[in-house]
Amino acid sequence: MSGVDLHLGAIGDGGKGRSLEAALREAVRSGRLVAGTRLPGTRGLAADLGLSRGTVVAAYTQLVAEGWLVGVPGSGTRVADVPFGVGHGESTTAVSTAPTPPSPPDVDLRPGRPDLSSFPRTAWASSVRRALSAASNDALDYGDDAGLPVLRAALADYVSRTRGVAADAGSVLVTGGFMHALGLLARALGGLGVRAVATEDPGLARHRELITAAGLAAVPLTVGRDGADPGELTSRAGAALLTPAHQHPRGVVLAPDRRAAFVAWARRRDGYLIEDDYDGEFRYDQQPVGAMQALAPDRVVYAGSASKALAPGVRLGWLVVPPALRGPLLEAIAETGTSVPAIDQLALADLIARGDYDRHIRRVRLMYRRRRAELAQRLATVTPTGLDGVAAGLHALLPLASADRERELVDAAARDGIRLHGLHTAGYWHRPGPERPAALIIGYATPPPHAWRRSLDALAAVVGRVAGQTVATRNSSARDGGRSPSARPAK
Ligand SMILES: Cc1ncc(COP(=O)(O)O)c(C=O)c1O
């Protein structure tokens with residue numbers, strides 16, 4: 001047997017895999033297995049322990065996914081460099097020979113990312129294998145620029161079932177994530193004579209950049225507690241980009257009367273609404289609010305993405321488009337030569353069809369829901385300020401008293417090895433200024449499970465030190481219009 005000889009104690013009989021997994025996790029966590037240690041091959045360990053090889057493979061796969069182990073191509077499975085293992089590093093008997101990647105900051109609480117270690121590797125690998133064995137040779141040819149029919153049908157079913165979107169396979173376009181989709185949309189709308197797109201303020205700077213890179217202007221729409229303000233639309237804009245289910249970043253939901261007002265504007269103006277439903281599957285306190293697209297499928301482009309549900313690196317997204325935009329969008333894909341890899345499309349279609357996509361979402365949704373509650377509880381011990389935004393998505397806001405305080409907190413966090421974003425520091429304000437509300441945008445989904453407690457501790461420590469010592473008061477008027485956070489800001 002290659003690799004170290006392991007003493008793992010008794011491996012239980014029923015549920016053997018779980019016991020092996022737990023024993024290995026404990027051995028790494030306690031430092032008995034130090035970073036870089038090469039583990040026995042799965043065949044050898046299975047024979048040693050009287051388990052099936054599949055059980056050992058499953059345990060290794062799970063621990064790799066959780067970040068305790070790493071698979072090193074050509075050299076098997078090794079113990080990962082887990083920086084905060086209890087007693088980790090005390091043993092000096094093994095020397096790390098694994099290539100050491102550049103060390104990331106200890107704690108990553110940036111918004112916009114799921115827990116990457118939860119990616120359903122085994123299910124995805126099975127879907128790739130199954131999809132490839134079943135695919136015709138034709139499926140591997142230059143395909144339909146709209147996406148493979150099998151995936152478009154699976155997505156149409158998925159978005160109508162889970163988000164109430166009016167869709168069929170003919171109205172779906174497969175994209176390489178929402179950023180790709182937005183670039184295509186800006187190009188297509190520009191071709192139809194649109195000169196400006198209204199965008200939420202605050203909103204993602206990257207969205208504004210993609211719009212302006214296509215030669216269009218991005219004009220601001222103030223986001224208040226009921227979402228973006230349709231009253232600020234002017235005839236200059238020919239489209240509006242919105243995040244109705246969970247505004248990014250403020251976390252509010254677009255109110256029904258505002259949805260109706262945006263739709264009425266689009267009809268009057270002969271314009272379009274782009275509904276960016278980037279984290280619509282994740283609502284924790286009630287059923288998710290259905291998509292706005294169903295109100296006006298001829299005026300609203302619905303956009304979904306696998307970046308939050310699976311992982312951003314998958315680079316898969318989808319649009320459900322009004323008939324009049326389909327041709328211009330297909331032209332934009334052809335002109336830019338940016339269609340989506342067929343094998344990935346086949347794998348996603350299989351994952352959805354088998355129910356593994358839904359199962360994965362249900363599983364991580366429970367974890368994120370618990371984390372959001374723990375975050376709120378933990379911060380309540382160091383600041384009287386409550387979290388802002390509805391209980392949804394992968395991020396929450398902690399309002400702060402000023403832009404200066406926000407910068408101070410983000411800088412102090414960076415010195416402690418914590419990556420954090422703020423409304424000012426991450427460029428969310430379209431029209432920045434010191435009078436704009438300040439807040440941390442805490443991405444609580446990002447840390448892998450083994451780092452979650454430590455991440456909470458580190459965050460609470462820096463918030464308590466920098467912003468938690470005074471009783472909060474409001475820093476601005478209670479008037480709606482994006483100038484007053486709904487929670488009381490920490491000083
Ligand atoms: C507001 C918003 N929309 C969309 C996306 C998804 O973009 P993509 O599908 O290109 O990863 C993100 C990801 O961070 C986001 O924050």
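In this predicted model, strand β9 spans residues 272-276 and is mostly covered. Five of its five residues are buried. Tyr272, Ile274 and Asp276 point one way from the strand. Leu273 and Glu275 point the other way. Strand β9 is joined by four bridges to strand β8, residues 239-242. The two strands run parallel.

The charged end of Arg299 sits over the Tyr272 ring, 5.0 Å from the ring centre.

Aromatic pairs were examined next. A pair of aromatic rings is described by the distance of the centres and the angle of the planes. The structure holds three such pairs. Among them is the pair of Tyr158 and Tyr357, whose ring centres lie 5.2 Å apart. Their planes stand at 85 degrees, over the 60 required, so the pair is edge-to-face. Tyr158 belongs to helix α5 (residues 149-163), while Tyr357 belongs to helix α11 (residues 356-380). The pair therefore ties together parts that are 199 residues apart in sequence. Both tyrosines, Tyr158 and Tyr357, are buried.

Three cavities of 30 Å³ or more were found in the whole structure. The largest cavity has a volume of about 70 Å³. Its lining includes Arg163, His246, Asp279, Phe282 and Arg283. Pro288, Val289, Ala392 and Gly393 are also among the lining residues of the largest cavity. By class, this lining has five nonpolar, three polar and three charged residues.

How values were computed. Residues numbered from 1 in each chain as written. Predicted model: local features only at pLDDT ≥ 70, side-chain atom pairs only at ≥ 80, totals over all residues. Heavy atoms only, no water. Phe/Tyr/Trp six-rings, centres within 6.5 Å; stacked < 30°, edge-to-face > 60°. Buried < 20%, exposed > 50% of the residue type's maximum accessible area, 1.4 Å probe, protein only. Lys NZ or Arg CZ within 6 Å of the ring centre and 35° of its normal. 1 Å grid on protein atoms, 1.4 Å probe; cavity = no way out; pocket = protein on both sides within 12 Å on 5 of 7 lines; lining within 4 Å. Points joined across faces, edges and corners; volume = space filled by probe spheres on them. Nonpolar A, V, L, I, M, F, W, Y, C, P; charged D, E, K, R; others polar. Pairing = 2+ DSSP bridges.
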